[in-house]
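Subject: Structure handover

Hello,

Please find the structure below. My notes on it follow.

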Amino acid sequence: MKITVSDGSFDAYVAHPEAKSAPAIVVIQEIFGVNADLRATCDELASKGFITISPDLFWRDAPGLQLNKLDEAEWAQAFALYQAFDFDRGVQDVLATIEAARSIEGGNGKVAVIGFCLGGLMTYLAAARGDVDAAVAYYGGGTDQHLGEAGTLTAPLMVHLAEEDEYIPADAQAKIKEALAGKSNVEVHSYAGCNHAFARHGGVHYDASAATLANQRTEAFLRQSLGS
């Protein structure tokens, strides 16, 4: 589908479940675009009964980006795009996708957002700045730099952190946990011995046990939050 914003429009990958009416989940990319791994995640969630929509956040600089080899050249390209990324505009793109998801054909009006890495931060910010029914952030790098917005989090939020995350050090994780502690709408889960991107299919640090547990927690959380 195509999402229109004030300065243009961008594409989003969509996967539909068999159900005629279902809640929608906006699935937010890592720094590698809407690649095979992210589409696989969308397809898995669709198989569990959710409409999934994954917007192309790098559309202004590299529309249609799909990095799958993740060799040295692709990592360099991904980091360059990340460093040039306008986070505030990215959040607006996510919020526009959420708005479009509320009226998507086959949707029941409920919308959650899930994000990984860059998408984890976008998920946190979208939940803090916009209207979403639930949010799940996987190892969102840079979240500790935006904890001043934690006070506006009202939707159910689940956060997954990897204890050995090379991009979210222990002190940053401690700040995140402290800022979110005591908020009845927020759950934070830590995964011992895991590195960043432990849930990425076939990734260098993929941990099947931790990924399965995190995904099970996510699914149960979404069903409870979305009434599905």
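Two residues are in contact when heavy atoms of theirs lie within 4.5 Å of each other. This is a predicted model, in which local features need pLDDT of at least 70 and side-chain atom pairs count only at pLDDT 80 or more, while totals for chains, interfaces and linings use all residues. Residues are numbered from 1 along each chain as its sequence is written, and side-chain values use heavy atoms, with hydrogens and water left out.

Asp-37

Leaving aside residues up to four places away in sequence, Asp-37 touches Glu-30, Asn-68, Arg-200 and His-201. Asp-37 belongs to helix H1, residues 36-47. Helices (H or I, at least four residues) and strands (E, at least two) are DSSP runs, numbered from the N terminus. Asp-37 is buried but has no salt bridge, and Arg-200, the nearest side chain of opposite charge, is 5.0 Å away. Buried means under 20% relative accessible area, exposed over 50%, and partly exposed in between, with a 1.4 Å probe and protein chains only. A salt bridge needs a side-chain nitrogen of Lys or Arg within 4 Å of a carboxyl oxygen of Asp or Glu. For charge, Lys and Arg count as positive and Asp and Glu as negative; His and the chain ends are not counted.

Helix H4

H4 covers residues 118-129, and 11 of its 12 residues are buried. Among the elements covering those buried residues are helix H2 (72-84), helix H3 (87-102) and strand S5 (107-116).

Thr-218

Thr-218 sits in helix H6, residues 208-226, and is buried at a relative accessible area of 3%. Its side chain makes a polar contact with the side chain of His-160, at 2.9 Å. Such a contact is a pair of N or O atoms within 3.5 Å; within protein, one must be able to donate a hydrogen and the other to accept it, and residues adjacent in sequence count only if both atoms are side-chain atoms. The residues that Thr-218 touches include Ile-114, Val-136 and Tyr-138.

Aromatic rings

Rings of Phe, Tyr and Trp (its six-membered ring) pair if their centres lie within 6.5 Å; planes under 30 degrees apart count as stacked, over 60 as edge-to-face and the rest as tilted. By this rule there are 12 aromatic pairs. Tyr-138 and Tyr-139 form an edge-to-face pair, because their ring centres are 5.9 Å apart and their planes at 75 degrees. Tyr-138 is buried at 1% relative accessible area, and Tyr-139 is buried at 0%. One aromatic cluster is made up of Phe-116, Tyr-138, Tyr-139, Tyr-191 and Phe-198.

Regards

Technical notes:
The expected span of a helix is 1.5 Å times one less than its number of residues.
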